[in-house]
Amino acid sequence: MKKLNIGLIGYGFMGRTHSNAYRQVSQFFDLEYQPVMKAVCGRTEDRVKAFADNWGWQSYETDWRKLIERDDIDAVDITTPNNSHCEIAKAAAEKGKMVLCEKPLALNPEQGEEMVKIVEDKGLANMVWYNYRFVPAVTLAKNLIDDDKLGKIFHYRANFLQDWTISPDLPQGGEGLWRLDAEAAGSGVTGDLLAHCIDTAIWLNGPITTVTAMTETFIKERKHNLTGEVQKVNIDDACAFLARFANGSLAIFESTRYARGHKALYTFEINGENASISWDLHDLQRLSYFDYRDESATRGWRSIHVTDSDHPYMDKWWVPGLNIGYEHTFIHGIAGFLKSLEEGQKPMHPSFRDALQTQYICDAVLKSGVSKQWEEVSGV
Ligand SMILES: NC(=O)c1ccc[n+]([C@@H]2O[C@H](COP(=O)([O-])OP(=O)(O)OC[C@H]3O[C@@H](n4cnc5c(N)ncnc54)[C@H](O)[C@@H]3O)[C@@H](O)[C@H]2O)c1
């Protein structure tokens, strides 16, 4: 078995999901490459040491520049807030490391273009962790569409709803709350949540060409955790947009962190000439499917429990009927990346280039929120 030495930067929420994935992937997937948890990096020594001990990282660093200098690191995995992705990815690529980066790829398309250029110029393996592609039910949706089960697609609609920023007393910035600070996050729900919906949508239904959006910041000022001052809030708290796909279908997307009662309601529905599909993250192992070609007396929505061994990824797990969950999407992501390194395999998707396309769409959405006009998506 070939070893791939991983250096992880960041040890928060995503640091944990990725660590868990590195620990488990070789037990469940038969791959030529095995990840070695070589080093993790965080800025606070006692905390990063405790994290390394807990998850089985062999060593730790407190400066990411030191980590990427190390000769014993083959691949750098970035799980820090969005404003650091570009600088770290470019520096890691400069040192010839493969780069795995959390989403969104960057703060804006300009940064994303630089990141794509350097990994492609240097021929470095790369991926972005748009993990919802790796939910078995979502991959099944992709297979059904690619097999032309839906026929011509007319409609795509997606939501990503949360409710955790409704209190005006919630500060912005710093640990845990950098998502409310545009300097660190780039944007609000558009880059954080809609980016997931967009990545899934363009994977399933092809490029988006034009968008028109409505954005709102409900709480205009919040105390900033880093400065201690009350400061203007520059993120979009909510965003809804209409879009046209290159294949002629129409889309509607909505995201907010002000939908009381919803923690992470990511849903999508696709309506085609012959069939429709819908999926809900809260019930992630099920795919709903309606096929108009079924016998009329028993025609209706089927709720497919995507746990059989002939369903995507499920032959790697338990026995039919037993669910897997959110954490497995990251295991599937790293399994795909390791597989892509084997001789003769195709490059991994979503790649930096794929994620740049999502970045262009987010950018057009945010522009339209201001211009109140339809905006063309760059790079299509
Ligand atoms: N794929 C997904 O579903 C998903 C889910 C959540 C977050 N994310 C993305 O993952 C990234 C991290 O999000 P999170 O929720 O894990 O955030 P988090 O706040 O939980 O963790 C961020 C980590 O980065 C560390 N960090 C910050 N600056 C650093 C620096 N200069 N050097 C070293 N470490 C540094 C922090 O100490 C912390 O450990 C973001 O880009 C986010 O958009 C993706």
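These legends walk you through close-up views of a predicted model.

Because the model is predicted, local features are described only where pLDDT is at least 70, and side-chain atom pairs count only at pLDDT 80 or more, while totals for chains, interfaces and linings use all residues. Residue numbers start from 1 along each chain, following the sequence as it is written.

**View 1. Two domains in one protein chain.**
The protein chain is divided into domain 1 (2-129) and domain 2 (132-376); such bounds come from an automatic or database domain assignment. The centres of the two domains, taken over C-alpha atoms, are separated by 23 Å. Where they touch, domain 1 contributes 35 residues and domain 2 contributes 34 residues. Here, residues are in contact if their C-beta atoms, placed from the backbone, lie within 7 Å. On the side of domain 1 that touches domain 2, at least two residues each come from H1, strand S2 (33-41), helix H5 (109-121) and strand S6 (126-128). Helix H1 gives the most to that side, with eight residues. By class, that side of domain 1 has 23 nonpolar, nine polar and three charged residues. (Nonpolar means Ala, Val, Leu, Ile, Met, Phe, Trp, Tyr, Cys and Pro; charged means Asp, Glu, Lys and Arg; the others, Gly among them, count as polar.)

**View 2. The six-stranded sheet.**
Follow the strands of this open sheet in the order S3-S2-S1-S4-S5-S6, with parallel pairing. Helices (H or I, at least four residues) and strands (E, at least two) are DSSP runs, numbered from the N terminus, and two strands pair if DSSP finds at least two bridges between them. At the edges you will find strand S3 (59-61) and S6, each pairing on one side only. Neighbouring strands are turned by 25° against each other on average, direction ignored. Look between S2 and S3, which run parallel and are joined by three bridges. Val40 has Tyr60 in S3 as its bridge partner.

Strands S13 (residues 265-272) and S14 (residues 275-280) run antiparallel, joined by five bridges. Glu269 has Ser278 in S14 as its bridge partner. Axes are lines fitted to C-alpha atoms, for helices over the stretch in contact, and angles run from 0 to 180 degrees between N-to-C directions.

**View 3. Helix H1 meets helix H9.**
H1 and helix H9 (residues 326-340) pack at an angle of about 65°, with their axes 8 Å apart. Residues making the contact include Thr17, His18 and Phe28 of H1 and Glu327, Phe330 and Leu338 of H9. This contact has nine nonpolar, five polar and one charged residues.

**View 4. Around the ligand.**
Among the 22 residues around the ligand, Gly10, Gly12, Phe13, Met14 and Glu102 come nearest. A residue is near a molecule if its C-beta atom, placed from the backbone, lies within 6 Å of it. Helix H1 (residues 13-28) gives the most to this shell, with three residues. The shell divides into eight nonpolar, ten polar and four charged residues.

Definitions and conventions
Contact = placed C-beta atoms within 7 Å.
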